[in-house]
Amino acid sequence: MAMHFDLVDLRLFVNIADSNSMTRGAERSHLSLPAASVRIKNLEEGIGARLLYRGSQGVTLTPPGQALAHHARQVLHQLEHLRGDLQEYAQGVKGHLRIFASTTAITEFLPDVLRTYLARRPDVNIDLRERVSDEIVRAVVDGQTDLGIVAGTVRTEGLEVMPYRTDRLVVAVPAAHPLATLEHVPFEDTLAFDHVGLQEASAIHAFMHAQAERLNRRVKLRIQVGNFEALCRMVEAGVGVGMLPASAAGRHRRTMDIRVVTLGDEWALRRLTVCMRSYDSLPVFARELVDLLAEDAAAS
């Protein structure tokens with residue numbers, strides 16, 4: 001059976017899948033609804049399988065539709081990368097490296113490593129994005145990113161992995177807080193108090209709320225801030241308690257009147273891992289960064 005895929009069709013199908021709606025998918029693709037419907041119908045006829053379940057609440061993907069959406073995203077991402085890389089070559093840049101990483105990796109460990117790397121590699125640009133660990137793994141598998149740095153326990157089957165760093169999550173509390181005299185505290189006990197949190201886009205925000213949900217509890221989020229320094233400033237001011245990596249808490253404790261209490265939960269000790277589809281398939285400039293991360297891990 002001959003199958004011919006149009007890029008417009010692939011973009012349309014991904015937009016429909018992402019929005020669970022033919023109407024919104026058509027709008028995102030700048031097509032009329034009738035034109036979009038005809039394209040999907042032709043796709044289904046060409047493939048010989050139904051791609052969408054249509055219902056009153058929108059559309060959902062059939063198993064063949066899920067397969068098409070998965071591969072369509074990969075094709076579109078590769079085209080996007082190709083376009084960007086060729087444009088950068090024309091501007092004198094020789095490489096573009098994409099990294100998805102956890103909050104702790106980005107704020108605590110990567111700045112020094114990337115400073116060294118970029119000084120050695122002035123012809124390479126880096127696109128660094130913060131994501132939660134499960135999203136990072138999916139992005140590496142799907143080819144959305146070249147490297148991922150995940151924190152904690154996450155399934156990485158089918159990927160090459162390299163141990164990187166270890167850090168522990170702690171809770172910063174005001175100097176006069178009831179928890180301030182403790183050395184260890186279960187995360188559940190902190191939920192009795194107001195919290196200072198990071199913005200919703202941060203990986204630690206999502207992780208903290210996921211842990212609370214596992215306890216059938218909720219975080220009493222009093223205020224959200226943009227970084228660990230601001231979090232500690234709010235804790236110092238008595239707004240609430242805040243969860244953050246021990247490395248960041250230790251740095252800010254030296255200049256602020258806060259106390260740092262270790263979280264006693266097993267999940268609070270987090271091992272950071274570098275993951276990639278294949279080290280050998282990475283371009284030379286990407287392998288150089290992996291090697292530099294290995295050196296950093298060995299020196300820590």
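**Figure 1. N20, in the loop between α1 and α2.** In this predicted model, N20 has a relative accessible area of 41% and is therefore partly exposed. Its phi is positive, about 55°, although N20 is not a glycine. Most residues other than glycine have a negative phi.

**Figure 2. H30, in the loop between α2 and α3 (33-47).** H30 has a relative accessibility of 73% and counts as exposed. Phi of H30 is near 60°, a positive value in a residue other than glycine.

**Figure 3. R24 in helix α2 (residues 22-28).** R24 counts as partly exposed, at 43% relative accessibility; the cut-off for exposed is over 50%, and buried means under 20%. R24 and A69 are 45 residues apart along the chain, and 16 Å separates their C-alpha atoms.

**Figure 4. I16 in helix α1 (residues 7-19).** The relative accessibility of I16 is 0%, so this residue counts as buried. With neighbours within four places in sequence left aside, the contacts of I16 are S21, M22, G25, I40, L52 and V59. One of these contacts, V59, lies 43 residues from I16 in sequence, with a C-alpha to C-alpha separation of 8.0 Å.

**Figure 5. Pairing of β3 with β4 and β5.** Strand β4 (residues 124-130) runs parallel to β3 and is joined to it by 7 bridges. Within this pairing, A101 has E130 of β4 as its bridge partner. Strand β5 (residues 147-151) also runs parallel to β3, with 3 bridges joining the two. Here I99 stands opposite L147 of β5. Helix α5 (residues 103-120) forms a right-handed β-α-β unit together with β3 and β4.

**Figure 6. Helix α6 (residues 133-142) and the residue after it.** The buried residues in α6 are S133, I136, V137, A139, V140 and D142. G143 follows the helix and has a positive phi, near 80°.

**Figure 7. The largest pocket.** This pocket holds about 550 Å³ of space. Its lining consists of 23 residues, of which A151, G152, T153, F207 and R270 are the closest to the pocket centre. Two or more lining residues come from each of α6, β5, α8 (203-214) and β12 (269-276). Helix α8 gives the largest share of the lining, 7 residues.

**Figure 8. C232 and C275, two buried cysteines.** C232 has a relative accessible area of 0% and is therefore buried. C275 likewise counts as buried, because its relative accessibility is 0%. A search of the whole structure for disulfides finds 0. The search criterion is a pair of cysteine sulfur atoms within 2.5 Å.

Definitions and conventions
Residues numbered from 1 in each chain as written. Predicted model: local features only at pLDDT ≥ 70, side-chain atom pairs only at ≥ 80, totals over all residues. Heavy atoms only, no water. Pairing = 2+ DSSP bridges. Helix = DSSP H or I, 4+ residues; strand = E, 2+ residues; numbered from the N terminus. Right-handed = clockwise from strand over helix to strand, strands pointing away. Buried < 20%, exposed > 50% of the residue type's maximum accessible area, 1.4 Å probe, protein only. Contact = heavy atoms within 4.5 Å. 1 Å grid on protein atoms, 1.4 Å probe; cavity = no way out; pocket = protein on both sides within 12 Å on 5 of 7 lines; lining within 4 Å. Points joined across faces, edges and corners; volume = space filled by probe spheres on them.
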